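Thanks for coming. Please have a look at it first.

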Amino acid sequence: MKKNLMSVLILALLVVNLVLTAITMISIVPSAKKSNALIDEICTALNLELASGRNANLSNVKIEDIDSFTLADSLTINLKDSEDGSEHYAIVNVTVSMDKKNEDYEKKRPVLEAQQNLIRGITNDVICKYTKEEFKNSPEAAQKEILEKLQGLFDSSFIIGVSFPQMTCD
């Protein structure tokens, strides 16, 4: 008899536990879902902020979504005089990489092609600040500065990279 009473007590406690677990799940799951949705929205907003504007770059875009545009002619740019006073110049070809999936791509790509002289001017303004040694050792700094200026000029992040496929310094 005691064993039967003990089994009934355990069964009753089990049912009470099951009911309390169900009540807890019913009351906690909706608020947890709302919290997760809020966290997802915040993360999405932060990711958009980090990936948009001036921070978009080649590493964030799939290779099949990249389009490039190379200026028709190479640029000959006078470099800043070296410490010994000698004059140098750089001959560069400029390629601009763009994100085809960006919302501004379709609208601004023709403008970019039409404004080659502006791209040449910005490139010239940036590169002429460097000495031969600085430019030859770190063309990435010039590329980054040109990229930032182009993104500012077009007020968009559809431009994701600037490169010099051919570069000569003398």
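I will start with confidence, then take each sheet in turn, and end on a helix.

What you see is a predicted model. The average pLDDT of the protein is 86, and 92% of the residues score at least 70. The stretch to treat separately is residues 50-55, where the pLDDT is below 50; beyond near neighbours in sequence, that stretch has 11 contacts in the model.

Now one of the sheets. It is open, has three strands in the order β1-β4-β5, and its pairing is antiparallel. β1 and β5 are the edge strands, each pairing on one side only. On average, neighbouring strands here are turned by 25° against each other, ignoring direction.

Let me go along the pairs. β1, residues 66-70, pairs with β4 over five bridges. Within that pair, serine 68 stands opposite serine 97, and threonine 70 is opposite threonine 95. β4 also pairs with β5, residues 159-163, over four bridges. Threonine 95 turns up again there, with serine 163 as its bridge partner in β5.

How many residues of β4 are buried? The strand covers residues 95-99, and five of its five residues are buried. Thr95, Ser97 and Asp99 point one way from the strand, while Val96 and Met98 point the other way. Helix α2, residues 105-114, lies across β1, β4 and β5 and runs at about 15° to β1.

Next, another sheet. Here three strands form an open sheet in the order β2-β3-β6, again with antiparallel pairing. β2 (75-78) and β6 (167-169) each have a single partner strand, so each has one side left without a neighbour in the sheet. The twist from one strand to the next averages 15°. β2 and β3, the latter being residues 89-92, are paired over four bridges. In that pair leucine 75 sits opposite valine 92.

Which helix lies across β2 and β3? That is helix α3, residues 116-127, and it runs at about 35° to β2. I want to pick out two of its residues.

Isoleucine 119 lies in helix α3. Its relative accessible area is 1%, so isoleucine 119 counts as buried. Leaving aside neighbours within four places in sequence, isoleucine 119 is in contact with Leu71, Val96, Leu112 and Leu150. Val96 is one of the β4 residues I mentioned, on the side with Met98. As for leucine 150, it is 31 residues from isoleucine 119 in sequence, and the two C-alpha atoms are 7.4 Å apart.

Arginine 120 is also found in helix α3. Is arginine 120 buried or exposed? Arginine 120 is buried, and it has no salt bridge. The nearest side chain of opposite charge belongs to aspartate 73, 4.4 Å away. Leucine 75 is the residue opposite valine 92 in β3.

Definitions and conventions
Residues numbered from 1 in each chain as written. Predicted model: local features only at pLDDT ≥ 70, side-chain atom pairs only at ≥ 80, totals over all residues. Heavy atoms only, no water. Pairing = 2+ DSSP bridges. Helix = DSSP H or I, 4+ residues; strand = E, 2+ residues; numbered from the N terminus. Axes fitted to C-alpha atoms, helices over the stretch in contact; angles between N-to-C directions. Contact = heavy atoms within 4.5 Å. Buried < 20%, exposed > 50% of the residue type's maximum accessible area, 1.4 Å probe, protein only. Lys, Arg positive; Asp, Glu negative; His and termini not counted. Salt bridge = Lys/Arg side-chain N within 4 Å of Asp/Glu carboxyl O. pLDDT = per-residue confidence, 0-100.
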